[in-house]
Structure formats: C-alpha cells, structure tokens
Amino acid sequence: MANNRMSRFLAAAAIVTCLACSSSIVAQQRPPVAHKIATHELATWIDERLAAEYTRAGIAAPDTVDDATFLRRAFLDLQGAIPAVAQVRDFLDEAGSFKRADYVDRLLNDDGVKQRFASRTAENLARVWRRMMVPASSPGAAMAVKLDPWLAKQFAENTPYDQIARKLLLAPRAPPPQPGRPPIAAPADPESLAGVFEEAVGVMPENLTSAYVRMFLGVRLSCAQCHDHPFTDWKQKDFWGVAAFFAPNAARGKTPSISPAGDRPVTYVAKLLWEEQPLMELPTDKPPRQVLAEWLVSPQNHNFAATAVNRVWQYLCGRGLAGSVDDLDRVSPEERRMLDDLAALFVASGYDMRWLIAGICKSKAYQQVAAAHFDMSDSFARRPLKTLLPEQVFDSLEQALNLPVGKADQGPRHSGQREAFVARMNEAAPESPADYKAGIPQALMLMNGKLTAEATSLENSRTLRAVVEAPFLSSEEKIETLYLAVLSRRPRQSEARYFVEHLERHAEEPDDKTAYAEILWGLINSPEFVLSK
C-alpha cells in the first residue's frame, strides 16, 4: 500500500509540474490521447478541461466538499445506500491524502466476502442503468426488473460497453408462438436474459427503434414515426429506415424493408442514421441486426460513446456534460466539445465503464459542492442537488435503521415491503437526478410509513435501542451516533447544542428515551436524508 501511494504521489507531482508549465487554456486545447490512461490521469484531464471552462466563463471554480459529504455521495452513487456508522468514523479519522481515490477503487473493485463492495456496486449500477433503458413511467417498467441480474453480471465482469449494446441487439430469442402449437421453450443461453429489454419496451419494430436509438445514441427519433420531426431534421425515412432492421421478414444477406400501417402504403428500405441513401445490399454472412449492431457501436459513430459518457456523467454529477442525455442531436458542436473529447478517451479505454466511473469520481468535478440554487440553463460545470432513486431511499433506510436483511429474519427486504415502497415511489420517479417532483409522495411515505414508525419505536428499532441503551456514551455522543447513522456526518455545533437542550428539557420526564426517538424521526424526515448533496 505504501509503494502504491508513493507511486501515485510521484505521478501527482509530475502532473503538477506539467501544469505549472502550461496554462489551462492550452490544456483545454490539447487533443485527447489515443491510448488508455490511468484513472487518476483521467480525473486530472477532466479537471484541466473544467478549469478552462471556468476561465472561459469568467467564474470561480466551486469549492470541494468535506470528507463526510464525499463518502455519503460515493456510497449512494456506487453502492446504492448510505455508509454504516463505523465506515463513516473510520473514513473521517483517516488522514491519508489519497483516501478518497482509495475508497473509490475499493467500492468498484474490492469484492471481499465481508463487504462485497464490487458486487453491491454492480447490483446498484444495474438498477440505475435499467431505469435509463426503461424509464419507471414506461408500461414495461415492472417487467424490466427481470433485466437486473443480467446487467449486474455485465457490470461485475466489467463487460465493455460496446459489447453490452451488441449483446442486447443480438441476444438469442425464442421463436414467436404459433397458433395451435405449444410454446417453444426459451433458449438456455444465459445471454437470452438480455432479451428482457425488448420485451419490456415492446417487440414491434417501431418500439425497438425508439428504444435503441434513444438509449444508445441520445436521439428521440419517435417523433419522426408518423411525420417528419417538427423540431429537428429527422424524417420518416430515418425512423423507418432503422425500423427495417427489426422487420419480422429481415433475413441474412437481404436488404430488409418495412411497410408501416397507414392510409397510404409506403415501403422503407433499411437506412442508417445520418446517411442520405438506404443500404443497397448487406453482407451475405451477416443478419440485418448484426449489421445494425456493428454500425451502432462503431468508433466512427460518435454519438454512441458520447451518449454513454453523457449518461454516466448525468448519473454521477446530476446533469449531462452536453444538454439533455436524450437530445444529444440538438446540441451544437461547441457545446459538446468536452463531451466528444471525453468520449474519445472512453473509446481508447476499450469502452471501460469501470474506468470511466472511477475517473469521474476521483475528479474535483465530482467532488465539488452542489449549487444551492440551480436550473437547467446553468453551465454543466455546476453540480445540482440530486434526488435519490426509490431503491436508494429504501436501502439507506435499511442501513440507517439497522434493519434485518437475512431471509431467515424476514426483514422488510424479503417480506414485500421493499417492493411496495419502490412501487409507490415509482409513481413519481424523477426523469433526471435533479428532478424534484418525487419529493411530496416521498416525504409523506417517510413521515407516515411503517418503517419510519418502527424506527422511532424503542421496542422495534435496533439503531435507536443501541444508542439509547449504550451506558458508555454521553448525550453528545449519542446525538453524534444518530447523525452518523442517518446523515453520515457529525452534527454541527449549533445542531448538537439544540438537541442537547432538547434532551435536557425532557430529562425529568418518566420516559426520557422518547426524546431520542424524536431526534431520530426528525433526521430521517429531513430533506438532507433524501438528497445527495
């Protein structure tokens, strides 16, 4: 470990020396390298580019968050839940200068039996990515949950992102049912689970076209299904040209075509986006879907890598690097300059998602203080407050309240409470991390829900009982422990003083332990608990 930190110190020193010899504007104009760089080098590259953006805009760079905020942010984004009290204490007490980068690496790569950091991160990223692929408001959102194990396997194995897209497009599928015949068993190939995506969005060619183009190219092409797009240059021939690749009669070696239903019969021949003319012929050894897949993930298809980077950046930092993640085609070349350069680095990495996430999380851009007031017209360089996904809220409650998680204990995770909680939250699930429309039902569920009621019950709450009944803790230390358990930080002096006075006012009551329950209830129902700062 000492040698590892020393090597990183020398690398950092070399970077500082280079920076001293060049201005941030020169760094901004530096073309992306054509080989895979280390994650700490990626973090430095990101910060150099943002420093140039701040200089160009004439604004000061935001401050960096404290250790407690960083740890909570990283746990929520990677593990999908807040850290445990002991983890917070250990991190805050550690003095190492590289401890943040070390923890990012642990959360992404360490898969020891006790912590399972890497596995938990893969499971969380699977849920996050599934929500991107099939939004919670979609009719097939409930079915899409079955995609989670397959996605978790891809993230756990660090499958290159271009291969994930190819697998989704080329997943083996059972033949369609035939009238009067028994259904054919689903293929045994484990990759067949990737086919859940198409089942969730709908297997009609027009549904698949809209879903794949939006998810992997950042283009809402669906408006061109019935008429030419009213706000962009997309035409019906663009939409149906892609849809032809999914036509039921598409066969190997033949250029597919499709005739959508309508008053005026029209036949569209397969055509790739950004091409004026349809395909004249296809390779005889490749089915149409393979041709589409190879074009989709090609390094020459710049929107593929750029959309992936934009989605990762939005999830981690609250908004995309360039415009809306689903409207990348409406962003000017000037606006997407940094995005395209970062996407080129992503391609050079071999579409390594773990590398991309690690580099962003190690950057100052990720660790900057969230803007107190933010709207989508602000520069991408500013970070908004982020709402938590329903699963993150529940799993953080589970951690804060020390709820039983084993099947034998029949905890909320296995009794149906988690599914019910997430389903209720999905009714107002945010479209983006900075969308606050989920706030009211979320607050009401926390204030009046069964979990919160049990959390403030001395008979049922493990966290509350452990704190109240600890004879070796002073009142101040008990308050601190509740703060660490719920908000992952120590109380400010004013907060500690207020709650000590609250306890003193109730000291003469027969059951003074109720005062601690009121403190815990207040912390759980605070805006800070359901936001990522």
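Q: At what angle do the axes of helix α10 and helix α14 cross?

A: Keep in mind that this is a predicted model. The axes of α10 (residues 161-170) and α14 (residues 288-296) cross at roughly 160° and come within 10 Å. Angles over 145 degrees count as roughly antiparallel, and α10 and α14 are therefore roughly antiparallel to each other. Their crossing is right-handed.

Q: Which residues of α10 meet α14?

A: On the α10 side they are A165, R166, L169 and L170. An α-helix has 3.6 residues a turn, so residues three or four places apart point the same way. On the α14 side, the partners are R289, Q290, L292, A293, E294 and L296. The residues of this contact divide into six nonpolar, one polar and three charged.

Q: How many residues of α7 are buried?

A: Buried means under 20% relative accessible area. In α7, 15 of the 17 residues are buried, so the helix is mostly covered. Helix α7 covers residues 117-133 and reaches 24 Å from its first C-alpha to its last, close to the 24 Å expected at 1.5 Å a residue. For the chain of 533 residues, the buried share is 51%.

Q: What does a positive phi look like in W274 and in S488?

A: Most residues other than glycine have a negative phi. W274 has a positive phi, near 70°, and sits in the loop between β2 (268-269) and α14. S488 is not a glycine either, and its phi is about 60°; this residue lies in the loop between α23 (475-486) and α24 (493-505).

Q: Is S488 buried or exposed?

A: S488 has a relative accessible area of 1%, so it is buried. W274, at 45% relative accessibility, counts as partly exposed.

Q: Which residues does L401 touch, leaving out those up to four places away in sequence?

A: L401 touches L451, A455, R462, T463 and I524. In the sequence, L401 and L451 are 50 residues apart, while their C-alpha atoms are 8.8 Å apart in space. L401 lies in the loop between α18 (390-400) and α19 (417-426). With a relative accessible area of 2%, L401 is buried.

Q: What share of the contacts in the chain with a separation of 6 or more comes from residues 24 or more positions apart?

A: That share is 67%. The chain as a whole has 25 helices and four strands.

Notes. Residues numbered from 1 in each chain as written. Predicted model: local features only at pLDDT ≥ 70, side-chain atom pairs only at ≥ 80, totals over all residues. Heavy atoms only, no water. Helix = DSSP H or I, 4+ residues; strand = E, 2+ residues; numbered from the N terminus. Expected span 1.5 Å × (residues − 1). Buried < 20%, exposed > 50% of the residue type's maximum accessible area, 1.4 Å probe, protein only. Axes fitted to C-alpha atoms, helices over the stretch in contact; angles between N-to-C directions. Parallel < 35°, antiparallel > 145°, perpendicular 65-115°, else oblique. Left-handed = near helix turned anticlockwise from the far one by under 90°. Contact = heavy atoms within 4.5 Å. Nonpolar A, V, L, I, M, F, W, Y, C, P; charged D, E, K, R; others polar.
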